[in-house]
Amino acid sequence: MTSFVRHLAAPSPGWTISADVIVVGSGIAGLTAALELRTKVDRVLVVTKGVLSSGSTVWAQGGIAAALDPEDTPEEHLEDTLVAGAGLCSPEAVRALVTEGPDRVRDLVARGAHFDMGPDGGITLSREGGHHRDRIAHAGGDATGAEISRALVAQLEAVRNDPGIEVIEHAMVVDLLTAAPDADGRPGPVCGVTLHIIGEGSRDGVGAALAKSVIMATGGIGQVFRSSTNPASSTGDGLASALRAGAAVADIEFVQFHPTVLWQGAGARGQQPLISEAVRGEGAYLLNGAGERFMVARHEMAELAPRDVVSKGIVAMMEEEGSENVFLDCRHLGTRYLKDRFPTIWERLAERGIDMAHDLIPVAPAQHYHSGGILTDLRGRTTQQGLYAIGEAACTGVHGANRLASNSLLEGLVFGARAAADAASTVSDGTVTQREPVDRPGPSALVPATMRPQIQSLAHRGAGPVRDGAGLARAGERLAAIRGRFHHEGALAGQPQIAEWETSNVLACASALVAAAHAREETRGGHLRTDFPEPDDARWKVRLATHLDPDGDLQVLRAPLQI
């Protein structure tokens, strides 16, 4: 095995700042944590790769799930989540999610988020795949994420002049800073970040931000794949930097491929338009090339089955037909209804010459959500002291092998608040103090940005919607060869810059994902192995945790479902 590196090649920091807690990311999880921390610690630093409103949350077309209806209960929400998670959820993490969720949604309303309301003045609730109750709250029809992002960003903008909080936009975290290693050579506690700022004046280029704790809320790994619904900034920075700093990641083999992403041809790359699950929730059908509804015979919930079931059904149908896509049919729902209920989707399709009230919509699965991430406990603490993880960057145990629709925004709310409370508590009681960072030993890496398409193709072919041992082995060998070529001193091709750092992170994430997927010899949730087509509870009802040993070699170990 070709070893992983412990840090990326970068210039020495030219400036230093400090805070009690650093929050990296500005989606629902990061913004919630930052707002909670602002009144609990003396100084919070928020770092985001783009502008505050550029997190993945803004792209969420679906809704946010919570037991808000008097007829619904957290226990029913818990049961639906456990079923979707295919036996690998942490029941205690799910219980925290569903019991605290309704109050966190109400807090969101108090912070200015405007959800779609019914004639009675209550939040309108709908149903999505895997849910047996109407419990999905929407805003602006299919613009829920955009509205939540707007409300939280507005709250943060209102306190920009507060000396206790600082926001740095257009800043990429290059690496986590760690203190002196332990006796076994493992990196010490996390004590800050190095970041590169695209700006002018004293704080451009690479600098060091020191803190007692760091909360990673960097989103997903979508750009590891050839096509994804994730924004271009989702290059797995949080997961890769946490691995380099000594933290464990878990459930990374479970990648959710959204069933209905607009098919734009085999050459389509980057962020692809999503056709929200809510469209099927409102009655749209999936049709094969013959115009037949094929999901009815595959699952009792038909088009509203859990996403992994629908994605597998679509892939199987495409294989049967030898086609590259299936079709979504919502013509029977009518022009007025579709334009009012799904204005964003209507607009995006119209831009591409598709009238969703009169045309069939070509769709196929594409990478959408990562159910795994940096391994945490119920407070957001990772296996590395001083480091927290929340949102899609984290593996809290909520999603197990497959995320239930619309649970992701809720997870960001609930665990963002939980991590902030714990981080603030450890600062105030003196449990954590500012450590002095030291250089981690070993070579630096810098993978040329020109390698990214090749890495993405390897990840897609080996660890896409349908996998097998031979394909995963080939992908693993090719990725190891790329690491071997660039992961040693003297192999720096070009100048350290964002495109190269991102590509290095994409390579690390792809390598770890393929290794975990190869290790899990079964089919479960978002992990489909054609050579092991059935789940195997006797051997694999277990969480796989992945970390780097002191030599930089990747270790895939069995871990309990709750840490």
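**Entry 1**

I looked up Ala 86 and found a relative accessibility of 26%, so Ala 86 counts as partly exposed. The classes I used are buried for under 20% relative accessible area, exposed for over 50%, and partly exposed in between, with a 1.4 Å probe and protein chains only. The model is a predicted one, in which local features need pLDDT of at least 70, side-chain atom pairs count only at pLDDT 80 or more, and totals for chains, interfaces and linings use all residues. Residues are numbered from 1 along each chain as its sequence is written, and side-chain values use heavy atoms, with hydrogens and water left out.

Ala 86 sits in the loop between α2 (74-84) and α3 (91-110). Here helices (H or I, at least four residues) and strands (E, at least two) are DSSP runs, numbered from the N terminus. I noted that phi of Ala 86 is near 55 degrees, a positive value in a residue other than glycine.

I then turned to Asp 251, where phi is near 60 degrees, again positive in a residue other than glycine. Asp 251 belongs to the loop between β12 (249-250) and β13. With 0% relative accessibility, Asp 251 counts as buried.

**Entry 2: Helix α1 and its cover**

I asked how many residues of helix α1 (residues 28-38) are buried. The count is ten of the eleven, so the helix is largely enclosed by the rest of the structure. Among the buried residues I listed Ile 28, Gly 30, Leu 31, Glu 36 and Leu 37. The elements that cover the buried residues of α1 include β2 (16-24), β3 (44-47), α4 (144-157), β7 (165-168), β10 and α10 (407-428).

Strand β10 (residues 205-216) contains Ser 213. I recorded Ser 213 as buried, because its relative accessibility is 1%. Leaving out residues up to four places away in sequence, Ser 213 touches Asp 20, Val 21, Ile 22, Gly 386, Tyr 388, Thr 426 and Val 432; contact means heavy atoms within 4.5 Å.

**Entry 3: Nonpolar cores**

I looked next at the largest nonpolar core, which has 60 residues. A nonpolar core is a set of buried Ala, Val, Leu, Ile, Met, Phe, Trp, Tyr and Cys residues joined through side-chain atoms within 4.5 Å. The members that touch the most other members are Ile 22, Leu 195, Val 214 and Ile 455. Helix α13 (residues 498-519) gives the most to this core, with ten residues.

Which residues are in contact with Ile 455, apart from its neighbours within four places in sequence? I found Val 224, Val 447, Leu 479, Ile 482, Thr 503, Val 506, Leu 507 and Ala 510. A second, separate core of 54 residues includes Val 21, Leu 31, Ala 93 and Leu 108.

**Entry 4: Cysteines**

I searched for disulfides, taken as pairs of cysteine sulfur atoms within 2.5 Å, and the structure holds zero. A disulfide is a covalent bond between the sulfur atoms of two cysteines. For Cys 509, the closest cysteine sulfur is in Cys 395, 14 Å away, too far for a bond. Cys 509 is buried at 3% relative accessibility, and Cys 191 is buried with a relative accessible area of 0%.

**Entry 5: Cavities and pockets**

I counted six cavities of 30 Å³ or more in the structure. On a 1 Å grid over the protein atoms alone, a cavity is a set of points where a 1.4 Å probe fits but cannot get out, and a pocket is an open set with protein on both sides within 12 Å along at least five of seven lines; lining residues have an atom within 4 Å of a point. Grid points are joined across faces, edges and corners, and a volume is the space filled by probe spheres set on the points.

The largest cavity holds about 100 Å³ of space. Its lining has 14 residues, and Val 255, Phe 257, Asp 308, Ser 311 and Gly 526 lie nearest its centre. Helix α7 gives the most to this lining, with five residues.

The second largest pocket holds about 560 Å³ of space. Its lining has 24 residues, with Arg 226, Trp 263, Met 318, Pro 365 and His 460 nearest its centre. The elements that give two or more residues to this lining are β13, α7, β17 (361-370) and α11 (452-463).
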